[in-house]
Amino acid sequence: MKHKSLLLAAAASTALFSTTAIAQNEDLAAAPCEGCAEEMTIVSWGGAYQESQLKAYVEPYVAATGVKVSFDESSAEATAKLRAMNEAGNVTWDVVDVVASDAIRLCDEGLAAELDPATDLANAPDGTSAEDDFGNLRVNECFVPQIVYSTTIGYRTDKVGDTPPTEICDIFDTTKFPGKRALQKRPIDNLEWATYCNGTPKDKLYEVLSTEEGVQAAFDKLSTIKDDVVWWTAGAETPQLLADGEVVMGSTFNGRLFSAIVEQDQPIDMMWDMQSFDLDGWILPAGLDEARMKRAKHFLKFATDTQRLADQAKYISYGPARKSSAPLVGKHEALGIDMAPHMPTDPANSGNVHNYDYTWWADNRDDLDAKFQSWLAQ
């Protein structure tokens, strides 16, 4: 399968899309769905993210169609489970939420169906094609992105003195910012940030990390703070560590920090510099029978239209993946605050972002996972 280069920096300019062209999309859920299955299983992640999908997509779709929808919270195991289903010849899922890297693997292995944006996705309200509206965020022919989220840095406002951290390399400055840091227990993000803070330009990060010397230099940089790091594996850990005052700063997902800052009113703030953009979206499993595939595509076209992606931002601080959705992002459903300034794609937050090279990680992940675990054990 062809992989599109992931130029997520383009998402940072989505708020500039002309609002004069925006209008409500046709209610696609009300369109006839001849020969469609009457039941559907959607796979997601649980928690606040799944709740945002329920409110923005599933409830209005069910109200319009009467289809019976059930959720399976197995997205973290989507690749392994779809492999097993395919081998058994019994695919029980209809629409699956995955991160972009998993979408690449599933598409490459023939476990996800290829989609035609001209027929399977809705155009923007002004007639812009879905292909152009999503742009390079469709990393391959099987994936339809929903949201852009990021891994970024939160810090305790009462523990950083009069000059808070503003640059990613402040993580490595234990003199200016003494105290424990929380970092995810994986090589991704950490190696890129360490390499960047060794003086490598962003567009050369993966070139440098493709060499033994570059990888060693990154681990050497991380070793300068190794004794000050608390390693986390679940996104909820860093906000809790910050709230408890056990770390002065730490990485996690921007939505988790939004919840701690805005919803829980913790003494925490966010540093957006070199936030790592990532994508979450839908794939349809290969091997569905005709009725189930029709239903899955009918839902997909509805759930990824301009208005629905903007609606999801009412419930969670992740940026919609369509350019045309950005101007429609409004207020938080419960809090009544403007959500646009809290999006990772907002121009004020995305002046210096890091874009993953998913293909590079697919080729190097096993090797670097092993090296990372070996380094941790030293």
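At what angle do helix α1 (residues 47–65) and helix α11 (residues 290–303) pack, and how far apart are their axes?

## The α1–α11 pair

The angle is about 120 degrees, and the axes of α1 and α11 sit 10 Å apart. Axes here are lines fitted to C-alpha atoms, for helices over the stretch in contact, with angles running from 0 to 180 degrees between N-to-C directions. α1 and α11 are therefore oblique to each other (under 35 degrees is roughly parallel, over 145 roughly antiparallel, 65 to 115 roughly perpendicular, and the rest oblique). Their crossing is right-handed, a label used when the near helix is turned clockwise from the far one by less than a right angle.

On the α1 side, Y57, V58, P60, Y61 and T65 meet R295, H298, F299, F302 and A303 of α11; contact means heavy atoms within 4.5 Å. Sorted by class, that gives seven nonpolar, two polar and one charged residue (Ala, Val, Leu, Ile, Met, Phe, Trp, Tyr, Cys and Pro are nonpolar, Asp, Glu, Lys and Arg charged, the others, Gly among them, polar).

## Ground rules and the whole chain

This is a predicted model, where local features need pLDDT of at least 70 and side-chain atom pairs pLDDT 80 or more, while totals for chains, interfaces and linings use all residues. Residues count from 1 along each chain as its sequence is written, and side-chain values use heavy atoms, leaving out hydrogens and water.

The chain has 13 helices and ten strands, taken as DSSP runs (H or I, at least four residues; E, at least two) and numbered from the N terminus. Its radius of gyration is 21 Å, close to the 21 Å from the globule rule for 378 residues, so the chain is as compact as a globular protein of that length (C-alpha atoms only; the rule is 2.2 Å times the number of residues to the power 0.38). Of the contacts between residues at least 6 apart in sequence, 77% join residues at least 24 apart.

## The α2–α3 pair

Helix α2 (residues 78–88) packs on helix α3 (residues 100–108) at about 20 degrees, with axes 10 Å apart. That makes the two roughly parallel. T79, L82 and R83 from α2 meet D102, R105 and L106 from α3, a set of two nonpolar, one polar and three charged residues.

## A loop proline

P164 belongs to the loop between β4 (144–156) and β5 (181–184). With 32% relative accessibility, P164 counts as partly exposed (buried is under 20%, exposed over 50%, partly exposed in between, using a 1.4 Å probe and protein chains only). Leaving aside residues up to four places away in sequence, P164 touches Y155 and F177.
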